[in-house]
Amino acid sequence: SDSILSQLGHTLERFLTEHPEDFNKMLASATGTADGLEEAVSAQEGVFHYTQCGDLLLRSQIDCMDPRLPRRTFDLKTRAVMPIRMDLMNYQKHLGYRLDRQHGMFGSFERELYDMSRSAFLKYNLQARIGNMDGIVVAYHNTVELFGFQYLPREWIDECVFGSAEAGDLAFHLLLQSYSHVLKVALADVPKEDTVRLTFTLAKDYQRLSMFVERFQDYPTDRKYILPSANLFQQYDLQFVTKANGVRLDSFPGAVATDCMHSTQFDCQLAITQVKDPQRADFGAARAKAGGEMH
């Protein structure tokens, strides 16, 4: 379970952004209940940035603000050290792991940044773009000790993931256009009063995405309730084809120099095909990978 990191992440975000006196009021010792922090956080209204792109309306929560930044706002991320991320169930065995050097394979900020660039930068980049944020501040910890902070501008994350900020902008717009098209296909024959859950998984040939569409007539009001798997579902195969100046690419170019972006015409085509005989075993495996989360 990732509960230790998810729960601690919310707590640390409040610890780092609230005035000490206000934060102390949220503690169990002050509220008389172990759920004091959660109740206090739930009672506060969040601050959000909304972005419209075509038919999509996106929402991103704003964590922090600094008038010295070009875009004024930035996100706050808490990042557990490598052995705790890799062994969550036994995280207490790794409390002695510390970050005490700049470079190196273990115990270094270099290793944490390397892992983060390969596993989390894409998500961080999308969140920053949706919220039009300038970047993110990362707080490194081992659940009992904070080791330091690092500010990562959005343009720097772009270079790590896509090669340039221009390539990052292009990938973001192609993603939103593709997702808008996917939603139109998935919702084409669904009544407005029904709830729809989409589950995506990589196909066995690693060349396609499989999308499972479930419909629910009764939507639970309790957000903690997990929707069971629907008896009826539809399956679609999604195939992306990206071209640069008319030449097909096997995948989106991850490193595109800025000077090449202005002379290259990119085109992304998405083909969606409904599977006539969807397999419940494949559907069950996809839901298991998704962890049963409600969408």
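Q: In which order do the 4 strands of the open sheet come?
A: Let's start with the general idea. Strands of a sheet pair through backbone hydrogen bonds, and the pairing can be parallel or antiparallel. In this predicted model, the order is β3-β4-β5-β6, with mixed pairing.

Q: Which strands stand at the edges?
A: Those are β3 (64-65) and β6 (146-153). Each has a single partner strand, so one side of each has no neighbour in the sheet.

Q: How many bridges join β3 and β4, and in what sense do they pair?
A: There are 2 bridges between β3 and β4 (residues 73-80), and the sense is antiparallel. If you want a spot to look at, find M65: its bridge partner in β4 is T73.

Q: What packs on the sheet?
A: Helix α6 (residues 109-119) does, touching β4, β5 and β6. The direction of α6 makes about 130 degrees with that of β5. Helix α1 (residues 3-17) also lies across β3, β4, β5 (135-141) and β6, and runs at about 135 degrees to β4.

Q: How do I read the packing of helix α7 and helix α9?
A: Two packed helices are described by the angle and the distance between their axes. For α7 (residues 121-130) and α9 (residues 165-186), the angle is about 80 degrees and the axes are 11 Å apart. That makes α7 roughly perpendicular to α9.

Q: Which residues make the contact?
A: From α7 you get L126, R129 and I130, and from α9 come A165, G168, D169, F172 and L175. Sorted by class, the contact of α7 with α9 has 5 nonpolar, 1 polar and 2 charged residues.

Key
Residues numbered from 1 in each chain as written. Predicted model: local features only at pLDDT ≥ 70, side-chain atom pairs only at ≥ 80, totals over all residues. Heavy atoms only, no water. Pairing = 2+ DSSP bridges. Contact = heavy atoms within 4.5 Å. Axes fitted to C-alpha atoms, helices over the stretch in contact; angles between N-to-C directions. Parallel < 35°, antiparallel > 145°, perpendicular 65-115°, else oblique. Nonpolar A, V, L, I, M, F, W, Y, C, P; charged D, E, K, R; others polar.
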